[in-house]
Every structure is written in structure tokens, then in C-alpha cells.
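Work through the following exercises with the sequence and the model open side by side, and try each task before reading its solution.

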Amino acid sequence: MITFIVTTAHIVGEYNNTKRSLAIELENQHNTFSASLTRSLWEFNNQQIQALADGLISIPAIGGLVIRDDRGQLIVQMGQTLPLNALPNNPESPVKISERDGIFGHYSPLAFEFSGQSTLVGDITLFSNRDVAIERLKVSLLFLLGNAIIKTTFLLLLFTYAFNKMLTRPMQELTTQIEAFEPNSPDESRLNLSNAKENEFGLLEGAFNELLDKISEYQTDLQRTQDKLVHANRRLDEQNDLLEQEVARKTSGMSKLMLDLEERRLDLEKRQYELEREIQQRRLTEATLKRTNERLKDSLDTIKTAQSKLVESEKLASLGGLVAGIAHDVNTPIGIGVTATSFLADRVEALAIALDDQTLTQSQMKRFIDEARESVQLLENNLHRARELMSSFKEVAVDQSSDAMRDISLAAYMRNVVKSLHPTLKKQNVSIDIECDETIKVKCLAGALAQILTNMIMNSVIHGFEGKESGHITIQAKLDKDVLEFLYNDDGLGLSEEQLEHLFDPFFTTKANRGGSGLGTHIIYTLVRETLNGEVNAFSEQGKGLSYQFSFPVVPLEKDAEATDNGY
């Protein structure tokens, strides 16, 4: 085995060394023919290229070659090569190609030097293979194998002779003498091995003879002990006679004791029988309990499945209710837009009549411009409001935001968000204060921020100020490096501790029996945590209002930069 491992390692080393030599020879052949081949490619001399390829392939070290032009188109492919898609794609320096399917090679680009400039005209890849390497290794392999066989045969003969002389013969002699051992005459069975005084057999001979000496001593001691035992037996016989007389006297008393023991044995057997019946009954009860437990597990699985289906049905029902609410909310800004459009059309018609009658005055024109600006602003705000409502509905339906990153002036943007909710806030008599530095300009997902503020305000209006004549909301915002921090407070009804724990849960609402969808605060949580990669927390006490604290990363803009979008 050692010879096989060493020979195998030697063969592998020789093979790898031969591969390296072939790789170097491929590189040298490339250096020899590259100048001629480069000029032939430059002059499009295909006949010369073919002749060079034939000359290269005739070299024993080269098993195949591929020549391509500067566009990677194949010109010549001869011998055993790798697929073209396995070759390098126009690198700027030569590359060694590792072995694959027994084929390895050397890739090099071909550049033509002209007027001090280098122009890539193509590339060449020279291949060698495992067969070429083995052909070169044949003589070395035969020498290695013959050498290994000779050395192994010599070692086997040497070890056979050594083992026969130093182990087999002494072992046979030892075995023969031990087989002649006589236990009754150990002195005559002593070992006397020849040529075993200076090795392990000599030690074994000495130990065995010492053992025989000890056996002789033990036999002598045993004889003396046997004599003492005979004397002691005679004394025991005398004592036995005395004991038999004593036993006879006590036998009568033992009979009564045996009767009592028999009665107790019968009593124990009766109890054992009762215990066996009880154990059997318990086993039957255990089997019944196991079957009952299995039926209960099946029932529990059925209940869990039904529960999951009920939860899913409840979610779908809540989303269906939300669709109706979204339709109503979208109808409001669209209706306002229609009214503003009708108003603007009337004012345009009146302006046209005044212009035709030549009664148009500067004050009428100025008033028309002011009214037109107000109508256009109202249209723009409500159309944006309708668009964001539909975007929020999409956020609920598919749990994703389509808002893009925009540059905004934060204070102006929040005022426009509040302004778009003015009709609802006015109806509920709700006032909102915004505390924000006017110079803060950031780049963020503005639509998501608007949706968060809108949901918070509408949640306060619908739930927090229910049954109250008026309400007040404060929104504070500040920029800390690249993080926007918000603090939202209302003076509404607040939430209990139990309600606060479930505030961000999907479909949780305090108006479950009055059409509440329970998705408003869950949308806030999803937008802050997932869309904006921020954090949000809520704080409340019963009767003391509700507070939101949330923050998310943004891209701060320079204070003198102009925000591209301050609207909603």
C-alpha cells in the first residue's frame, strides 16, 4: 500500500510537471508564430493563416488550435479544442486555460503594431490534452512502475526471511514446548528456547519459567493446606452431631411458624391477584384515553383550520367594506372638482359676455383672475386628494406603495396635506397646528408621508373626536441629521391599555359594529416600518388623547435648494 501511494503521488507529480511543461511550450510556440500570424490577420491572408495553422498543429505538443478575428468570428479551428463559448472574450493579456475534459491551453490576443499604435486584429488559443501528456510520460511511467515492482518484491523477500527467522521459527518452538506442558510436573515442563536470549521470546521464556516456579510453590502450600483441612473436617463432624441434636429440639417450634408463613403467603397471593386486575383495568383505561386523545387532536386540527378560514373571510369582508368607504371618500373631492369646474365655467362665460359687450373693467378682470386661481387651486388639491386616496386603497389591497422620491419643503407640504382635509376638519370643528422649521427641505417618499398624516388625522376625527364638539391636533417635525422625527398629538378620547396593545393590528377597530375597517393604523405601521424603513410608537391614556411618535431616514437638501414639489 505504501509503495502504491508513493508511486501514485509520483505519477501525479510527473503528470502535473508535464502539463506545466506543455503549457510553457504552448506559450513559447505562440511567441514564435505570433508575429507571422498577426501580420497575416492584418493583411487578411487566409492562405497564410491556414499554412501557419497547419504548421502549429503538426507540433507534437499542440493538440488543437482556434484562431479568431477581432470580432470574435472563427477563422480556423483544428484538432481537439474546448467549445468556443468556453474561451475568454477579448481580454487584454494572455490567459492560461485550466484543464477541462482533459484539454488545457493558452489564450493570447494578437495585436499589430503600426505607426506606433497597437491594434487588436484577433486572438489565438493553443490547446494540448491529456493524451499528449501521457505520451510524453510513457517511458517515465514504465520506469516508475518497474522500479516500484522491483523494490516491493525485494522488500517482501527481505521481510519474509526476517519474519521466518525471528518470529515464525521461535513461535513454532514455543508452541511445541507449551503443548507438552504437564500440570503435575511443572519442573519438567520448563521452556528452553534456542536463539531467544536477546529478544522478546527470551523474556517470554523467563516469565513462563518463573510462573512454573510459583506453581510449584503453590502446590506445596496447597498440600499443607489440604492437611489442615482434613483436621478441620474432623472437628466439624463433631460439631455437626451437636447441631443435629439442637435442630431436633427447635424443629417443633418451627412447624408452627411455617403454618403462619403459609397463611401469609396465601394472603399475599390474593392481594397480587387483585393488583393484577387493577393493572389490567388501568391499561384498558389508558388505551381508551389514548383513543380519546387522538380524536381530540383531530377535532383540534379541524377547529384550527376553520379558525384560519374564518380569519381570512373576516379580512376579505373588512376589505370589502373599505372599498365602499374609499368610493365615498373619492366621490367628495371629485364632486368638489365638478363644482369648481362649473363655477369656473360660469365665470369664463361672464367674462366672455363682458368682453363682447365691451363692458369689461380692470376690477372685473382682476376679480376673475383671483377666482380662477382659487378654483384651479381647489381643482388641483382635490384631484391630488382623489389620486392619493386611490393610492392608499392600492396600499391596502396589495400592500405596496407606488410613491416616488420627491424633493419637498416639509412645512409647506404638511400644510397642503392639512389643507386638502379642510372640508372634513371644518365639518368636525377640528383645528391643526404644525410646528416645523420652514427651512427644512428633504428628498423622501412624499406620498407615503402624506398617507401617514392623512390616516392619523382621519383616525383622530373619526374615532378620537367622536361625540366632541371640537378637537385640536398638534404635529411637530424636526430634522436630526438624516432622520425626520415627528410627534403627533390629539386631545381626543384616547385608548385603554388593552386597546393600545392592538392599535397596529390589522382589522382592529373600536367601531367593529359600526362599519370600521380596522386598517387605518395598520397602514400607518406598514408605511413607516416597511415603505420608509422607520420606527413608529403610540402612547395614550383613556380620556387623555392619543400620541404617535415616528421617524424615518431621508436625504436632506441644502437650505437654499428649491423643492420641486410642495403640493399634495
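This is a predicted model: local features need pLDDT of at least 70, side-chain atom pairs count only at pLDDT 80 or more; totals for chains, interfaces and linings use all residues.

**Exercise 1.** Determine which strands pair with E1, and in which sense.

*Solution.* Begin with strand E2 (residues 74-79), which pairs with strand E1 (residues 64-69) in the antiparallel sense over 5 bridges. Within this pairing, Leu65 has Met78 as its bridge partner, and Arg68 has Leu74. The two strands form a hairpin with 4 residues between them, and in the turn Gly72 has a positive phi of about 80°. Next turn to strand E5 (residues 117-129), which also pairs with E1 in the antiparallel sense, here over 6 bridges. In E5, the bridge partner of Arg68 is Asp123, while in E2 the bridge partner of Arg68 is Leu74.

**Exercise 2.** Compare the span of helix H3 with that of a straight helix, and locate its kink.

*Solution.* Take the straight case as the reference: 50 residues at 1.5 Å a residue would span 74 Å. Helix H3 (residues 130-179) spans only 63 Å between its end C-alpha atoms. Then look along the helix for a bend, and a kink of about 50° is found, centred on Leu137. Leu137 is itself one of the buried residues of H3, which also include Val132, Ala133, Leu141 and Leu144. Finally, at the start of H3, a side-chain oxygen of Asn129 comes to within 3.1 Å of the backbone nitrogen of Asp131.

**Exercise 3.** Decide why Gln451 counts as buried, and find a polar contact of its side chain.

*Solution.* First place the residue, which lies in helix H8 (residues 446-464). Gln451 counts as buried because its relative accessibility is 8%, and the cut-off for buried is under 20%. The side chain of Gln451 makes a polar contact, at 2.7 Å, with the side chain of Asn455. As a general point, an α-helix has 3.6 residues a turn, so residues three or four places apart point the same way.

Terms used. Residues are numbered from 1 along each chain as its sequence is written. Side-chain values use heavy atoms; hydrogens and water are left out. Buried means under 20% relative accessible area, exposed over 50%, partly exposed in between (1.4 Å probe, protein chains only). A polar contact is a pair of N or O atoms within 3.5 Å; within protein, one must be able to donate a hydrogen and the other to accept it, and residues adjacent in sequence count only if both atoms are side-chain atoms. The expected span of a helix is 1.5 Å times one less than its number of residues. The bend at a residue is the angle between axes fitted to the seven residues ending there and the seven starting there. Two strands pair if DSSP finds at least two bridges between them.
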